[in-house]
Amino acid sequence: MRNTLNTAVRLTVLAAAVLGTTFAHAAATVTPGQFKVGMEITYPPFESYDEKKNVVGSDPDLSRLLAKHMDLKAEFVDTKFSSLILSLNAGHYDAIISGMYITPERQTQAQTIAYAKTGAAIMVLKDSTIKPKVPEDLCGLKVGLEKGTTWVAQFNKLSTEYCVPNNKGAISVSEFPSAPEVTQALLSGNVQAQVEIDGAAGMIAERTKGRVVVSTEHSIYQQTLGIYVKKGNDELYQALLKAFDETKKSGEYAALLKKYNLEEPSN
């Protein structure tokens, strides 16, 4: 009996060695065989639905690449941006890849992997007499933002430390549940400017058929985008790091950055 058991143990160890690559890719996911990603699917070119209801954009593309290298199938969970981290930690999905900047505050709530760098753009109505080029030009204006973005604190600080002391008027920030709702507020005159991530701003302006334009000539507030993973899920975190490295070695990552006009984050 002991010999039989020892033989079985040796065979198991041998099988594990032979199949080491597969085991290395295995990850602790919410649903076996799937890599579930939380994102707000209203934010082109990062994530949106096409005419056939397929999820498209830079974040779904990256998610599928990572899933492929982990021998998993990518699935997407549409979630309001402001609820993404809360839902991640509640176990509704495995990771967030949704045009979300890495900030110290967010890093206290989840683990992060930097995957791209981008900046923001200011948008106004085409026939507006106001054409803000830099954040300081927003003094005295009503600015619309998607709820949960990092820009609220930045504009409040700018307003308090620059706009008001220089008698330029405070920046009035209004938050909305989604980017399309901010654009609607801009079109209806409820806000005078909208701030969005660069790539998304261009797509939003295009979808309004020219009624909204990007007024900035250069990116403002450049920051790094991150993949977010629940703290404590080190198995998945390590699997994602390895899968991400494999997309770089294969050239897939460089192609994705070029396709969506993104930059690789600096170390």
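Trainee: How many helices and strands does the chain have?

Mentor: Ten helices and eleven strands. Helices are DSSP runs of H or I with at least four residues, strands are E runs of at least two, and both are numbered from the N terminus. This is a predicted model: local features need pLDDT of at least 70, side-chain atom pairs count only at pLDDT 80 or more, and totals for chains, interfaces and linings use all residues. Residues are numbered from 1 along each chain as its sequence is written, and side-chain values use heavy atoms, with hydrogens and water left out.

Trainee: What share of the chain is buried?

Mentor: Of the 267 residues, 46% are buried. Buried means under 20% relative accessible area, exposed means over 50%, and partly exposed is in between (1.4 Å probe, protein chains only).

Trainee: And strand 6, how many of its residues are buried?

Mentor: 13 of 16, so strand 6 is mostly covered.

Trainee: Which way does strand 11 run against strand 6?

Mentor: Antiparallel, over nine bridges, with strand 11 spanning residues 220-230. Two strands pair if DSSP finds at least two bridges between them. Lys117 has Thr224 in strand 11 as its bridge partner.

Trainee: What about strand 9? How many bridges join strand 6 to it?

Mentor: Four, again antiparallel; strand 9 covers residues 193-197. There, Ala121 is partnered with Glu196. Strand 10 (residues 212-214) also runs antiparallel to strand 6, with three bridges. Met123 stands opposite Val214 in strand 10.

Trainee: Switching to cysteines. How many disulfides are there?

Mentor: One, counting a pair of cysteine sulfur atoms within 2.5 Å as a disulfide. It joins Cys139 to Cys163, S to S 2.0 Å. The pair links distant parts of the chain, 24 residues apart: Cys139 is in the loop between strand 6 (110-125) and strand 7 (142-146), and Cys163 is in helix 6 (residues 151-163).

Trainee: Are those cysteines buried or exposed? And why is the disulfide left-handed?

Mentor: Both Cys139 and Cys163 are buried. The disulfide is left-handed because the torsion about the S-S bond is about -70°.

Trainee: Now helix packing. At what angle do helix 3 and helix 10 cross?

Mentor: Roughly 175°, with the axes of helix 3 (residues 58-69) and helix 10 (residues 252-259) coming within 10 Å. Axes are lines fitted to C-alpha atoms, for helices over the stretch in contact, and angles run from 0 to 180 degrees between N-to-C directions. Helix 3 and helix 10 are therefore roughly antiparallel. Angles under 35 degrees count as roughly parallel, over 145 as roughly antiparallel, 65 to 115 as roughly perpendicular and the rest as oblique.

Trainee: Which residues of helix 10 meet helix 3?

Mentor: Glu252, Leu256 and Lys259. On the helix 3 side, Leu62 and Leu65 are among them. Contact means heavy atoms within 4.5 Å.

Trainee: How does helix 9 pack on helix 3?

Mentor: At about 105°, with the axes 8 Å apart; helix 9 is residues 234-250. That makes helix 3 roughly perpendicular to helix 9.

Trainee: Last one: where is Arg211, and what does Arg211 touch?

Mentor: Arg211 is in the loop between helix 8 (198-207) and strand 10. Arg211 counts as exposed, at 52% relative accessibility. Not counting residues up to four places away in sequence, Arg211 touches Val124, Leu125, Lys126 and Leu187. Arg211 and Asp127 are 84 residues apart in sequence and 7.9 Å apart in space, C-alpha to C-alpha.
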